[in-house]
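Here is a short report on one protein chain. Please keep the sequence and the 3D view open while reading.

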Amino acid sequence: MKTKTILCFFLFSVLSLKAFGEAEADTIIVNIDYSYDRPWLNYPVVVPLKGYPFTTSSTVYFEGKELPSQLDDLEGDGINDEMCFLVDLKRSGTYACKVVLGKTGTQKDYPLRTYAELLLTNPKVKDKTKQNLYIRQLVVTKELEDSYHLVHHHGIAFENELIALRIYFDKRQTLDLYGKKRMGLELHDTQFYTTQEQRLQGYGEDILWTGNSMGLGALRGWSNGKAQMLDDVAHRGQRIVCHGPVRTIVEMSDGGWLWKQGQRVNLTERYTLYAGHRDICVEAWVVPVAEGLRFATGLMHMAGASKLSNHKGLRGLWGTNWPAKDTTTCTQETLGMGIYVPAAYLQKELACDGLDDAYVLAPVNGHLKYYLTYSADKETYGYHQACDWFTYLKQWKALLLAQPRVKISRRHSK
């Protein structure tokens, strides 16, 4: 009897361990059906992890090779919400990727291709390129009158190999631009304030003077026929959601924003930049959904710039500006900017008011989405003429409209 009990216990233990082992990883197949006639390199694939709770590692295989992947905790609750990777779609057809999602161990380290930083200004450190008070997120209340100077480089900054930006931490929330000469990550070294020595070494620098304009696609309110800055808020925040080998995501929050007399909402804006891309996806959410709420966004007006509009959500410019008020400390910078607003959110195209070329946007169920892009003339890998830039913008919009169909299916457990 004792022998049978021991044997049963042993078999039960083996079966339990086997069942536990089967739950340690899930394998899924991601099929990408691409029908467009142009290549889409670094196409971003996002796998929601709602059906795969407590995923701690991911491995992606495509055409016999391992692709870098990234796990992201979007909510900040310690649970990964999405897995993402990049794949080259070189021609039309169906592509299959094998993904293994593990529930034990940690994510493999892949080379970083994106970066984000948020720093408090340290009064003890005078060198603007060596600030050291790194933080992940920051929220201030309306009692703080000057949040702009609280944060180094005046707001959160993020980049990939091609482009780098910062978002002002004040009512403007303008995107300011950094132009690179060579491809690579630079913000950790220059912190947006490139020294003369760094310039001689080939680093890029700030290339835009935005003032109170929308710069590149800042989100503003829209009321009484005018764009409104997001000034009356109960609290304002910036947060690094993630940065890694595949993408960086940063967020702005405007809690208790008075968009209309007697009506306040919570607004969250998310900026997603993938490795190998020169475009940013901007999304915004409003809670609660507010009837009649409208927004504005667009491109700053640049005197003498060449401009493009297809009157269907695509706008662009190619021009030159002084990136600082003190023109003795900088040189003129030439750059191109572009914006595309999908038809679902586009309500009206506005004529230039001398400050911005803007659009009026209408949220759909409290949600907005639009896309931004830019190129600096100083890039060795970018664009250098208005005609080439405008050709790129038209192709860019066409590519955004040619989204592949992605189907995710569970294969088996191991």
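The report covers confidence, a sheet, a pocket and some single residues.

## Model and confidence

This is a predicted model. The chain averages a pLDDT of 93. At least 70 is the score for 93% of the residues.

The start of the chain is another matter. Over residues 1-22, pLDDT stays under 50. For this stretch the model has three contacts beyond four places in sequence. Where pLDDT is low, predicted coordinates should not be read in detail.

## A five-stranded open sheet

Five strands form an open sheet. Their order is β8-β12-β13-β14-β15, and the pairing is antiparallel. The edges are β8 (114-117) and β15 (205-206). Each of these edge strands pairs on one side only. In general, the strands of a sheet pair through backbone hydrogen bonds.

Strand β13 spans residues 164-168 and is mostly covered. Five of its five residues are buried. Ala164, Arg166 and Tyr168 point one way from β13. Leu165 and Ile167 point the other way. Residues on both sides of the strand are buried, Arg166 included.

On one side of β13 in the strand order comes β12. Strand β12 covers residues 155-160 and runs antiparallel to β13, with five bridges between the two. Glu159 has Ala164 as its bridge partner in β13. Gly155 stands opposite Tyr168 of β13. The hairpin that joins β12 to β13 passes through three residues.

The other partner is β14, residues 175-179. Four bridges link β13 and β14, again in the antiparallel sense. Leu165 stands opposite Leu177 of β14. Six residues lie between the strands in this hairpin. One of the hairpin residues, Gln173, takes a positive phi near 55°.

## The largest pocket

How much space lies in the largest pocket? About 1200 Å³. The pocket is lined by 35 residues. Closest to its centre are Trp40, Pro44, His277, Asp279 and Leu400.

Several elements each supply at least two lining residues. They are β2 (40-48), β19 (247-260), β20 (263-274), β21 (279-287), β28 (367-376) and α4 (386-401). The largest share comes from β2, with seven residues. By class, the lining has 21 nonpolar, six polar and eight charged residues.

Ser57 lies in strand β3 (residues 57-62). Its relative accessible area is 15%, so Ser57 is buried, as the cut-off for buried is under 20%. Beyond its neighbours within four places in sequence, Ser57 is in contact with Leu71, Val100, Leu101, Gly102, Thr104, Thr106 and Gln107.

Leu401 lies in helix α4. Leu401 is exposed, because its relative accessible area is 55% and the cut-off for exposed is over 50%. Leu401 and Lys124 are 277 residues apart in sequence. In space, their C-alpha atoms are 50 Å apart.

## Backbone details in loops

Which bond joins Val287 and Pro288? A cis peptide bond, with omega about -5°. Pro288 sits in the loop between β21 and β22 (295-300).

Two loop residues other than glycine have a positive phi. For His154, phi is near 60°. His154 is in the loop between β11 (137-141) and β12. His154 counts as buried because its relative accessible area is 15%.

For Phe192, phi is near 75°. Phe192 is in the loop between α2 (187-190) and α3 (196-200). At 2% relative accessibility, Phe192 is also buried.

Notes:
Residues are numbered from 1 along each chain as its sequence is written. This is a predicted model: local features need pLDDT of at least 70, side-chain atom pairs count only at pLDDT 80 or more; totals for chains, interfaces and linings use all residues. Side-chain values use heavy atoms; hydrogens and water are left out. Buried means under 20% relative accessible area, exposed over 50%, partly exposed in between (1.4 Å probe, protein chains only). Two strands pair if DSSP finds at least two bridges between them. Contact means heavy atoms within 4.5 Å. pLDDT is the predictor's confidence in each residue, from 0 to 100. On a 1 Å grid over the protein atoms alone, a cavity is a set of points where a 1.4 Å probe fits but cannot get out, and a pocket is an open set with protein on both sides within 12 Å along at least five of seven lines; lining residues have an atom within 4 Å of a point. Grid points are joined across faces, edges and corners, and a volume is the space filled by probe spheres set on the points. Ala, Val, Leu, Ile, Met, Phe, Trp, Tyr, Cys and Pro count as nonpolar, Asp, Glu, Lys and Arg as charged, and the others, Gly among them, as polar.
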